[in-house]
Amino acid sequence: MAYAEVVVSSSQATSQPLPISVLDLIPSRAGEPASSAIAQSVELARHVEQLGYQRYWVAEHHSIQGLVCSATPILIGHIAAATKKIRVGSGGVMLPNHAPLVVAEQFGTLESMYPGRIDLGLGRAPGGDLQTMRALRRGLAQDGEDFPALLEELRTYLGPERPGQLVKAIPGQNSNVPITLLGSSDFSAQLAAALGLPFAFAAHFAPDALYAAARRLFTTPQQRFLRLIRGESLELLPPVDSMEPLWSDIEKAAVENRLGAAIVGSDATVQVGLEKLVNDTHADEVIVVTDTYEHSDRMDSYERVARFAAGNQTGTKC
């Protein structure tokens, strides 16, 4: 069985096999130490590198029990050190949480250590709740409207030195670390278009018919999103036979809306779902997010997706 939530990047037509990548939130089970969750992500990164995945991105979330991805640049360096050629980056750094100079120095350092392998995906959401925003010293009046100015400052530090530039990112200046904007609204999409930058966005379409075993695996992310809307911790929970005793009708609708982009089912179902996604969006790359309770199921799911992508030579524009 294979299960995949997906986000897709900007479009270009090609008849080559579909490039696929990984987005990892570094999930953990209840009571599992962070070291174990991180070690499993390293194992997964090595696994998907052997399968031909293009890049391995790590998210940024703060103060969320069950997600071990708060120190994104450190995790990127750790995963890059454990792999050989796969690109490693952020999916993404929430830029308003950080000084652009610090981000440029961090990713400039990573690029110096792992040249040609580092990506910088940027978002404008807080990556946490209001209390976390305060702890990050992010003003509550911030609404993301300053994102273009922060982005311009960051690009100044990563690009060639400009005449009269007093503050420089060292390392970082002239590193030209590739930037991708992330988002689910027109704001970042339009900004990316105006600047000629890639844009990664959340795909939204209903999954196809589900087989019972795959549906049971899928109850792990369903439980996570149920706990999310309830404001509870987000550790991975084991799958259950049915979600019906666990949620109300309103909660069920909310969770199904959140997971509307998921592709869940047998090999054939997931292959059809991926083909439909690519046809609907004309994406040039699919970034896959898979959360299962058992790490072996997660490894297997990514292996199956790689097999589908390698066989995507049916004339589809990707």
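The model is predicted, so local features need pLDDT of at least 70 and side-chain atom pairs count only at pLDDT 80 or more, while totals for chains, interfaces and linings use all residues. Residues are numbered from 1 along each chain as its sequence is written, and side-chain values use heavy atoms, with hydrogens and water left out.

**Exercise 1. The whole protein**

Task: State how many helices and strands the protein has, and which percentage of its residues counts as buried.

Solution. Step 1: The protein has 10 helices and 9 strands; these are DSSP runs, numbered from the N terminus (helices: H or I, at least four residues; strands: E, at least two).
Step 1: Of the 318 residues, 49% count as buried. Buried means under 20% relative accessible area, exposed means over 50%, and partly exposed lies in between (1.4 Å probe, protein chains only).
Step 2: The accessible surface comes to about 14300 Å², and 54% of this surface belongs to carbon and sulfur atoms. Such areas come from the Shrake-Rupley method with a 1.4 Å probe; for residues, only the protein chains shown count as cover.

**Exercise 2. Helices H1 and H2**

Task: Describe how the axes of H1 and H2 cross, and which residues meet.

Solution. Step 1: Two packed helices are described by the angle between their axes and the distance between the axes.
Step 1: For H1 (residues 34–51) and H2 (residues 72–82), the axes come within 9 Å and cross at roughly 45°. Axes are lines fitted to C-alpha atoms, for helices over the stretch in contact, and angles run from 0 to 180 degrees between N-to-C directions.
Step 2: H1 and H2 are therefore oblique to each other. Angles under 35 degrees count as roughly parallel, over 145 as roughly antiparallel, 65 to 115 as roughly perpendicular, and the rest as oblique.
Step 3: The crossing of H1 past H2 is right-handed; a crossing is right-handed if the near helix is turned clockwise from the far one by less than a right angle, and left-handed if anticlockwise.
Step 4: From H1, Ile-38, Val-42, Ala-45 and Arg-46 meet Leu-75, His-78, Ile-79 and Ala-82 of H2; contact means heavy atoms within 4.5 Å.
Step 5: The residues of this contact divide into 6 nonpolar, 1 polar and 1 charged. Ala, Val, Leu, Ile, Met, Phe, Trp, Tyr, Cys and Pro count as nonpolar, Asp, Glu, Lys and Arg as charged, and the others, Gly among them, as polar.
Step 6: The buried residues of H2 include Leu-75 and Ile-79. Among the elements that cover the buried residues of H2 are H1 and helix H3 (100–113).

**Exercise 3. Helices H1 and H10**

Task: Determine how H1 and H10 are oriented to each other, and where Ser-41 is placed.

Solution. Step 1: The axes of H1 and H10 (residues 295–310) come within 10 Å and cross at roughly 20°.
Step 1: H1 and H10 are therefore roughly parallel to each other, and H1 passes H10 in a right-handed crossing.
Step 2: The residues of the contact of H1 with H10 divide into 6 nonpolar, 4 polar and 3 charged.
Step 3: Ser-41 is placed in H1 and is among the H1 residues that meet H10.
Step 4: Ser-41 counts as buried because its relative accessibility is 2%. Leaving aside residues up to four places away in sequence, Ser-41 touches Asp-24, Ile-26, Tyr-56 and Arg-298.

**Exercise 4. Buried or exposed?**

Task: Classify Lys-85, Ala-193 and Asn-174 by accessibility.

Solution. Step 1: Lys-85, in the loop between H2 and strand S4, counts as exposed because its relative accessibility is 64%.
Step 1: Ala-193, in helix H6 (residues 186–195), is exposed, with a relative accessible area of 62%.
Step 2: Asn-174, in the loop between H5 and S6, is partly exposed at 46%.

**Exercise 5. The backbone**

Task: Name residues with a positive phi and peptide bonds that are cis.

Solution. Step 1: Ile-26 has phi near 50°, and Asn-174 has a positive phi of about 70°; neither is a glycine.
Step 1: The peptide bond from Gly-91 to Gly-92 is cis, with omega near 0°.
Step 2: The peptide bond from Ile-170 to Pro-171 is also cis, with omega near -5°.
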